[in-house]
Each structure stands twice: as structure tokens, then as C-alpha cells.
Number of protein chains: 2
Amino acid sequence: MSHGASAAAGLYAPGMPAAATSRVSTALLTDQYEFTMLEAALADGSADRPCVFEVFARRLPHGRRYGVVAGTARLLDALADFRFDDGTLARLEPFLARRTVEYLASWRFDGHIDGYREGELYFPGSPVLSVRGSFASAVVLETLALSILNHDCAIASAAARMASAAGDRPLIEMGSRRTHEEAAVAAARAAYLAGFTSTSNLEAGRRYGIPTGGTAAHAFTLLHDTEADAFRAQIAALGTGTTLLVDTYDITQGIRTAIEVAGTALGAIRIDSGDLGPLARAAREELDGLGASATRIVLSGDLDEYAIAALRAEPVDMYGVGTSLVTGSGAPTAGMVYKLVEVDGRPVAKRSENKASHGGAKSALRRYRASGTATEEVVYLQAQGPDRREETDVELAVPLVRDGAVLPGLPNLEQSRQHLRRALVSLPWEGLGLSQGDPAIPTVMPPVR
Amino acid sequence: MSHGASAAAGLYAPGMPAAATSRVSTALLTDQYEFTMLEAALADGSADRPCVFEVFARRLPHGRRYGVVAGTARLLDALADFRFDDGTLARLEPFLARRTVEYLASWRFDGHIDGYREGELYFPGSPVLSVRGSFASAVVLETLALSILNHDCAIASAAARMASAAGDRPLIEMGSRRTHEEAAVAAARAAYLAGFTSTSNLEAGRRYGIPTGGTAAHAFTLLHDTEADAFRAQIAALGTGTTLLVDTYDITQGIRTAIEVAGTALGAIRIDSGDLGPLARAAREELDGLGASATRIVLSGDLDEYAIAALRAEPVDMYGVGTSLVTGSGAPTAGMVYKLVEVDGRPVAKRSENKASHGGAKSALRRYRASGTATEEVVYLQAQGPDRREETDVELAVPLVRDGAVLPGLPNLEQSRQHLRRALVSLPWEGLGLSQGDPAIPTVMPPVR
């Protein structure tokens, strides 16, 4: 495995071995136009021009207050597998000239990448990723970079709101069944990054070292002649610390049966349907009445950040979240774009009616009050620097790739998770609310030219 | 490659070789609870009980009138790779007993699968997939089956509405950058199945034989000193039949430059921003005025089925659709569930408050008027048969897997695409509308017991 690949794999979890499977090339996870542009640029010599492409979101979805950067480590890993082997080249031959195909045979990304670290907050206009290299080097990464960042940032941004709403109560990610089978693995990772406690997805456990969990579905109860038989079988196999699903038939009776079978040391019950608030209260009373005051209550069933917040005052010990997590709770994509902003050291920008963009290679810093509260996101032209620098300003981009090689020592998933936790604390308090509104802090952009 | 795998690969496109890459095991694309249930069921002997699980959607999203089945061929392909090699087993050892791990080492799906064919319409309650086998055989397929069907059906269902709105005008799928990198490939397939003409995604071209297309982005114009330079380079490399993107600076000037450089034989122009209707009209006038009356107009930029319908009267030759396609146009998951309905030949069903389900193994037929218009979806218990059978009734499920082996001769992607086209014609006319409402035909369900 190349240096780049090992370094990227190391990002996922400290001490984990690199992925056991050697991934096939990622070079065809690409829109065709990137290669036709490359062909035309090779022909007229412009392919060698030094360029800077930037990834940013023009806006946050649905009046959200902040976004969460996620996917960078996955992107760096995929970049290490972005190569043109014979099978890949064969698929380009039908629409590319021979000399383009020959050029790609020895293509390797040899540029630099900087970006916001995973777990960092972002706002409209934040230059989340910056790719510097020849046009030929950088243009072909558009789709791969955007696919990964748009998906993972969307999930992490929704997950962080759920984690805020849940407070100290643990959150289990269990949405794999509601999204594409590979997106599910990435979603579990993004959710964990954003504060979820565990996932039901085993491949996410294998690939990223995320804690996994799960006990039983309604099918297990239905498989047995009686609910008591099912509970007995589960306790025998998984121990009394397990979670019994009590809403297959009648919840009150289900709880009674659960404690009869497991005793008062039962780990938890799960309720997956109905009006969850009143049901949690009734279940708590019943459990306490049966002497099972340490038995916890897990709720699941169409929960989103609003439902979680509404359950704050109820006796709930843990939430399982599925559909709303993997679909970004109404915003399944982060809407990020990959734009050419600099050619030959000069700023470039399109001037389309509703999509004008800011030319010039940019960096960003976050400005804070002395108290530690963030006040604004200052995006500035690298050629000019920010309007001023204050002691509490923090530069946001970190170097990720140099001369095509992923840098060693980048933060791992646990570190990124901690970073986000700290970053959220720095937001003005209204920025953590669930209601729609402006971004938690304003972005100061350089002038459009 | 096993018999099952080759047969499934053959579904994708006639005459295509099986995928060049051997996929790693899909067995960990699974929720942990499926294996803990298996362990408990092995211990008390219930794992051998003959079971039937069914996949269905309780409702269609957002007042949609119909759903489109997609993903079945992908599921059968993934099923062929659902096996427990040493690496997979190693990841199960931390939470499974040794004897469960040993059992899984020789696990192989040996049951039967029936289902609606790809490109078939479905409605609330339609038994889209039916898995028959021992509990041990069928329970572990839940996540894989639902992930694939929930994603692909969601995309195909949205795509079919866009194709209806576009009428005879071609639709290009270009949403890869807005969704997970592997979901993008599946989305391109689902879109093609549902009537899209081509995709920008090269891996979808490689894997499924879907026509691919793409020419240039704004970056290519910005890379050059002038728009004319960029157009000249593109024409030189791709020929005058190419599509020039004319909205980087000023659209009117862009069109003028395009025809100056390419001549009146220019294939097409693309407009990606602004108020697309008026812009298309102005562009058509200008092109005609320049003598380029055969040059086509491609529109893209935040199109969805409603925007496409609103452009019906405008001089548009082709649509490019991205974000709204890959996010299911507001419904990114089909909401299908995988439910145990029969054990030992007896119907089972949970009686939860808001999620009651219909016990018993079911089949379905679609009832038609003599004119060929569908009138209802009749879901019936296999043990009972439908209330009656009429000459025009059509059984909806087809056998897909027998004794664990994918059946040969299943419809390929082109055939499924044609099937959907015919199925849509059979809907009552109001069922093809975009407005919210009831399902196009009612589903008659067997009584809940």
C-alpha cells in the first residue's frame, strides 16, 4: 500500500490496521466532463497552468445555523486509490484520444491540498477544501471530492444537531436500512464524528473502529410462540444486560414479561412505536413499580432532532435514530461546489446571474471574543491577508496533502470528534438552537471582483 | 465467480462481461442485531423454523402517486457476495459465541426469493420482495435488501416523474457530485431505468453499460484567457458537435462567441444558471438569428420535475438534472421495511400502535380494465388466493432465487426500462400528474388478523 494510503487509513482510528481490502481504483467515480476538459486542455497546452480549486457551500440548508466538516479522511483515502490501471483506461478509450489515455496512464495527483479539519464548523462561503496543482492534476478530482464531502458533511451536520438535542443521553445510529449500502457505512462514521455513541452498522465498526451495538428486532419475538419464549432465548444468549424490545404486542404486558423473565437486573427495554413521550413515562413507572429502577429505556422510531428535543423532560436513557440521520434530516446533500478560483496566480470567477463566485485563492480564520465565543468567519484572499489579525484569531485550514502525498499525523476520528465538541461550545448560544435562522456567525467575504 | 454472481451480473446489460473486480464480502453491510438474533435463535432451535419475510412500503412519500421498483438486480448481485470469509468472521467474534461464528463459516443463503420485477410500479402495501427460508437464512439479509431497495426505489421513483415531465426530451443524469460516491453509481442506474437518457457518471457506464456524456464545466472557460480561446480548444478536441457552456460571463455574448468559433453546425449550447425559461427563449432567438437553427439548447441548474414541467412550452432540447435526482426530489428513501410475516406456515404480525402489519405470506396482482388501464393492486394471502381472478389480472411477483441460486434469464436493464415505460402508460391519467394526491390506484389488502 502506498505511503498516501497508509497515512489516510491511519486517520480513521489510532492503532487500527489499514483496511484489509485493497480497494479498486476510484478514478471512474468521476463525471465524464472532467476528462473531456482535460483532453481539450492537453491539446492547447493549458493543462499545465497552475490552478487553485476551492470547495465551499453557498448557503446552509433550511435556515441551519452551522455545518460540520466530515469526509476529509475518506477523501484522502480515496485519493490514494485514484489511479488509472488498464481496466480504468479501457473505459476511457471510447471517448478520449489515444494521447489523452496515454497521458492518464502515468497520471498521479502531485499537487497540494489544504482544508478545514474534520469536525470543524463551516459557514456559507467557508473554503472547506483547497486543491492546488496543474489544471490536469486538479480538475479530475471534482466529483470524488464533492461526492464525499457533500454526503458526509450533510450527515454530520444533521447528526450534530441531534447530539445537541440529546444532551448527555447516548445516541445509537441505526439508519443503514434506509440508505444506499455504502452510504450507510459513511453515514455511521459521520454520525459518530458528530457525537453519536455507537452504530448498528458492522462494516462501519470494521472499517473505522466505531463501537457497534444491536440486540433484536420484532422478527425475533414473532419467530417464537410467545413473547416470553423470545425474551428467554435472548436473555440466554445475550445475558440480562441486553435490551428487550417490548412493543411487539402490548407494551405494558411486554414490560411485565420482560422483568419476569430477566429479573430486575435487565439492562434495558426498547420502545419503537407509538407516542414515545407518554409511553416512556408509563414504562418508567411500570419498571420502577416492578423494582427494575436501573433498567434503562431506549426509544426509537422516526426520531429526528425535534422529536429528541421534545423528549428532553421524559425519562429516556438512550435514543436510536435511523431514517432522519441518514437522510440528513431534510438536507441529504450539503450543496458544496468545486470552483476554479485562480489560474497562473490570477483570480478567476464566473459572473453568472445567480451563481457568481469570489475569485482568488482564499484562506479563512475564525474570530473570537476573549471569552472564547466565536464572532465571525473571516474569509480572505491569500494574496492580501485578512483586514487585521487579532490575538484570538484562529486559522482554519490545515495542510493535508503535499506533492500528492497525504501528510502524516493528521487528526484521527476520535480527535475530530473531540474537536467538534469543543467547536460547538464556542458558538453563540442561539447558534445551537434548532429553530431556523441565520448562520450562528456571519461570514465576512472578500469583495467580488 | 459463482453461478449466482454471473447470473446477476447478466442482469445489468446484455452482452456485458461480469464486473471486472471481485467485490469483497457484503456480509458486514448488516445491522448487528441480525447476528445477535441469529445467535439466540440457534441456541433455542428456532433458527431452523421456516419463515417468510416481506419487503413493502407502508405509504408513498409526499402524496406521490406511484413508486418504481429498482435495485433488485443489484441486490441479487450483492447476495452472491454475501459470505463469511475469515476477515468477516474475525469482525463478528467480539460479540458472537464461538459456535455462532462456526455456524456462519458455512452459512450460505439457500432459500427462495420472489419479487416485483425491476421497472414495475408499486403502491402502499405491495409485497415488493419476498424471502422464504429458515430464520437463519433469511434474517441476516434485512439490511442489505432494504439498503439497496430503499435507495434505488427512491431515486427511480423521482426519476420517473422527471421523465414524465420531460416527455420526449432527453434527460441527462448529472448528480454524482451531490451524493455519496457509490450511491451516485446506483443513482445513475436507477435514473436510466426510469427513463433518463444518459449519465455523467463513468463508473455507471462501466458497471452497467449506461450511455455516458459530458463536455465542459465553467472551470474550462475560466482556465483560458478568453471565452473564445476556451471554445476553440473544446471544438478542436471534441468537434463542432459538442456542447458549449455559454453562461460563464454574459450569455448573449457567449452564444455569439460560440457560433463565431464553431460555426452554425455547433451541436448544442448549455445554460446552467439564471431564469431558465426566458433565457432559453432568448437563446433560441439568438441562435436562429445567427443561422444556427439546428444548434440545440441544453438546460441545467437546480432542475426538478416541477421546473422541467414548467419549461414544457420553452424551446429546450435537453435537460441536465443533478441534485434533485440523487436526493429523490424530497424523498431520499423509499421507506420500505422487511417484516417477518410467516413462521412454520402460520401468519405472524406485530400489533404495535402505529406500525401494525399484515401477517401471512402474500402475493399481488394488478387488475386492469379491458382498455388496459390499471384499476387496483390486489394483495392477497398465498394461502387463500385473491377474491376472484379476472382475465385481465396480472400476477406481479416473479421468481428470482431458488435454493440460493439466482435464476437465469431475468430481465436486463434495458428490458426493465421498457417495462416501466409500458407500466406508466397503464396508469389512470391523473396518476401521472405531479400534484400531490392519493396513489394512482388503490391497494386492496387482505384483512389484518
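What follows is a chat about a predicted model with chains A and B.

Colleague: Before anything else, is this experimental or predicted?
Modeller: The model is predicted.

Colleague: How are chains A and B related?
Modeller: Chain A superposes on chain B by a rotation of 180 degrees, with 0.0 Å of shift along the axis and an RMSD of 0.0 Å. The two copies are therefore related as by a two-fold rotation axis.

Colleague: And which surface do the copies meet through?
Modeller: They meet through the same surface, because 100% of the interface residues of chain A are also interface residues in chain B.

Colleague: Switching to the fold. What is the strand order in the open sheet of chain A?
Modeller: The order is β13-β12-β1-β5-β3-β17-β18, seven strands with antiparallel pairing.

Colleague: Which strands sit at the edges there?
Modeller: In chain A the edge strands are β13 (346-347) and β18 (405-406), each of which pairs on one side only.

Colleague: How many bridges join β3 to β5 in chain A?
Modeller: Four bridges join β3 (residues 112-116) to β5 (residues 129-134) in chain A, and the two strands run antiparallel. One of the pairs is A:Ile113 with A:Val131 in β5(A).

Colleague: What about β3(A) and β17(A)?
Modeller: Four bridges join β3(A) and β17(A), again in antiparallel fashion. There, A:Tyr116 has A:Ala397 of β17(A) as its bridge partner.

Colleague: Then on to β18(A). How many bridges from β17(A)?
Modeller: Two bridges join β17(A) to β18(A), and these strands run antiparallel. A:Val401 stands opposite A:Val406 in β18(A).

Colleague: How many residues lie between β17(A) and β18(A)?
Modeller: Two residues lie between them, and the strands form a hairpin. In the turn, A:Asp403 has a positive phi of about 50 degrees.

Colleague: Now helices. Which strands does α3 of chain A lie across?
Modeller: Helix α3 (residues 72-80) of chain A lies across β3, β5, β17 (397-402) and β18, and runs at about 15 degrees to β17(A). Helix α7 (residues 142-166) of chain A also packs on the sheet, where it touches β1 (50-57), β5 and β12 (336-343). The direction of α7 in chain A makes about 135 degrees with that of β12(A).

Colleague: What does the sheet look like in chain B?
Modeller: Chain B has an open sheet of seven strands in the order β13-β12-β1-β5-β3-β17-β18, with antiparallel pairing. Four bridges join β3 (residues 112-116) to β5 (residues 129-134) of chain B, and B:Gly115 stands opposite B:Leu129 in β5(B).

Colleague: And which strands does α7(B) lie across?
Modeller: α7(B) lies across β1 (50-57), β5 and β12 (336-343) of chain B, at about 135 degrees to β12(B).

Colleague: Which residues are closest to the centre of the largest cavity?
Modeller: Of the 17 residues lining the largest cavity, the closest to its centre are A:Thr179, A:Val326, A:Pro332, B:Thr179 and B:Pro332.

Colleague: Which helices supply lining residues?
Modeller: α7 of chain A and α7 (142-166) of chain B each supply at least two residues of the lining of the largest cavity.

Colleague: How does that lining divide into nonpolar, polar and charged?
Modeller: The lining of the largest cavity has eight nonpolar residues, eight polar and one charged.

Key:
Residues are numbered from 1 along each chain as its sequence is written. Chains are lettered from A and ligands numbered from 1 in the order in which they are written. This is a predicted model: local features need pLDDT of at least 70, side-chain atom pairs count only at pLDDT 80 or more; totals for chains, interfaces and linings use all residues. Side-chain values use heavy atoms; hydrogens and water are left out. Two strands pair if DSSP finds at least two bridges between them. Contact means heavy atoms within 4.5 Å. Axes are lines fitted to C-alpha atoms, for helices over the stretch in contact, and angles run from 0 to 180 degrees between N-to-C directions. On a 1 Å grid over the protein atoms alone, a cavity is a set of points where a 1.4 Å probe fits but cannot get out, and a pocket is an open set with protein on both sides within 12 Å along at least five of seven lines; lining residues have an atom within 4 Å of a point. Ala, Val, Leu, Ile, Met, Phe, Trp, Tyr, Cys and Pro count as nonpolar, Asp, Glu, Lys and Arg as charged, and the others, Gly among them, as polar. Copies are superposed by least squares on the C-alpha atoms of residues with pLDDT of at least 70 in both.
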